[in-house]
Amino acid sequence: MTEAAVGAGDERLRRWRLVLGGDEADGTGCVLSGQDAAMDGALSALYGKGGNGSKGQSGRDRSAGLGASAPSVARWLGDIRTYFPSSVVQVMQRDAIDRFGLSALLLEPEMLEAVEADVHLVGTLLSLNKAMPETTKETARAVVRKVVEDLEKRLATRTRATLTGALDRSARISRPRHHDIDWNRTIAANLKHYLPEYRTIVPERLIGYGRASQSVKKEVILCIDQSGSMAASVVYASVFGAVLASMRSIATRLVVFDTAVVDLTDQLDDPVDVLFGTQLGGGTDINRALAYCQSQITRPADTVVVLISDLYEGGIRNEMLKRVAAMKASGVQFVTLLALSDEGAPAYDREHAAALAALDAPAFACTPDLFPEVMAAAIEKRPLPIPDTR
């Protein structure tokens, strides 16, 4: 066996040893030292047999436990940030919060300074907002702001470019310049003027793309379910709401709801304020939220309503469906998103989803990267780019 093959075999044993945890049954015979031993200790504290996270881990006998004190958890958070990449750290943090019930420790400023900030952490902080002491709130806002600013940098430019193009294309004009002619619509509108002997169409009426001016062309209402399962969607929707509000051609309204309805439109210049204006958890009354949104519509043909909800309705189901049907009949473009996140569709009410699909308002999960395309399609009144989930 070559030296390279021996080295590759040792590396495989080392990786299996880290995965299996080092009890007598792991069969690797590999002894860890140095940084590998420290990494194993960090993994053991979270996934070993001695803690709440050990249920169902047959055969493993790692010593474990983060303890219930902030200092021990803070040290552990520092360790995992040293030994693992950011994406892995975020997963381990979420597991620690779920397995050991560490949410309360996030109310301490020194803990917040030690964590790796991501969308899921923001959702946890928002759920703790009402219990958060004043000494922690500024630190929490700083953590949330960092995540929001990172999301804006990633999403804003493409969103504005995509929607600006959609607004231009949606504004038809009857005397376009040559380079502004919409040839597909022009040909469709002039088919009756086809001359078979010349095998051509005489375009008596030209249809062109308009150029979006500074005036309001479209109105968008984001209606967001703030029940606990929608935390990541609330974060992304707040960021997108702020981006849309920054576009002069779109009048944006942001509404959050549980059993009550709160209009946060006047805070859209700062999505951090929007997020701290939400209150994750509680019941759900979609009908009541849609009733409010419906009352705010002044130009139905130029309005897009985006309902972001898992569709578990605590209000009046039939009234909810009637409102959706009425809005669509008036010319409103109605979009139903089961989630706006990278996690796919959560558990949702399939009966309500099917009822909305029957109204030509199909419900689907949408990633942040797909959202600009969904909004562009709604603005242009063309079929939505619904992802294939088969």
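This report describes the fold, confidence and nonpolar cores of a predicted model.

## Basis of the model

Local features require a pLDDT of at least 70 and side-chain atom pairs count only at pLDDT 80 or more, while totals for chains, interfaces and linings use all residues. Residues are numbered from 1 along each chain as its sequence is written, and side-chain values use heavy atoms, with hydrogens and water left out.

## Overall architecture

The chain holds 14 helices and 10 strands, taken as DSSP runs (H or I of at least four residues for helices, E of at least two for strands) and numbered from the N terminus. Of its 390 residues, 47% are buried, meaning under 20% relative accessible area with a 1.4 Å probe, protein chains only. Among contacts (heavy atoms within 4.5 Å) between residues at least 6 apart in sequence, 72% join residues at least 24 apart.

## Confidence

The mean pLDDT (the predictor's confidence in each residue, from 0 to 100) is 82, and 83% of residues reach 70 or more. Confidence is highest in strand E8 (residues 303-308), at a mean of 97, and lowest in strand E1 (residues 172-173), at 54. Over residues 51-64 the pLDDT falls below 50, although this stretch has 38 contacts beyond near neighbours in sequence. Where pLDDT is low, predicted coordinates should not be read in detail.

## Nonpolar cores

A nonpolar core is a set of buried Ala, Val, Leu, Ile, Met, Phe, Trp, Tyr and Cys residues joined through side-chain atoms within 4.5 Å. The largest has 79 residues, of which Trp-76, Val-306 and Phe-371 touch the most other members; helix H7 (residues 134-170) supplies the largest share, 10 residues. Beyond neighbours within four places in sequence, Phe-371 contacts Leu-222, Phe-240, Val-306, Leu-337, Leu-340 and Cys-366.

A second, separate core of 24 residues includes Leu-307, Val-324, Phe-334 and Leu-356.

How values were computed. Buried means under 20% relative accessible area, exposed over 50%, partly exposed in between (1.4 Å probe, protein chains only).
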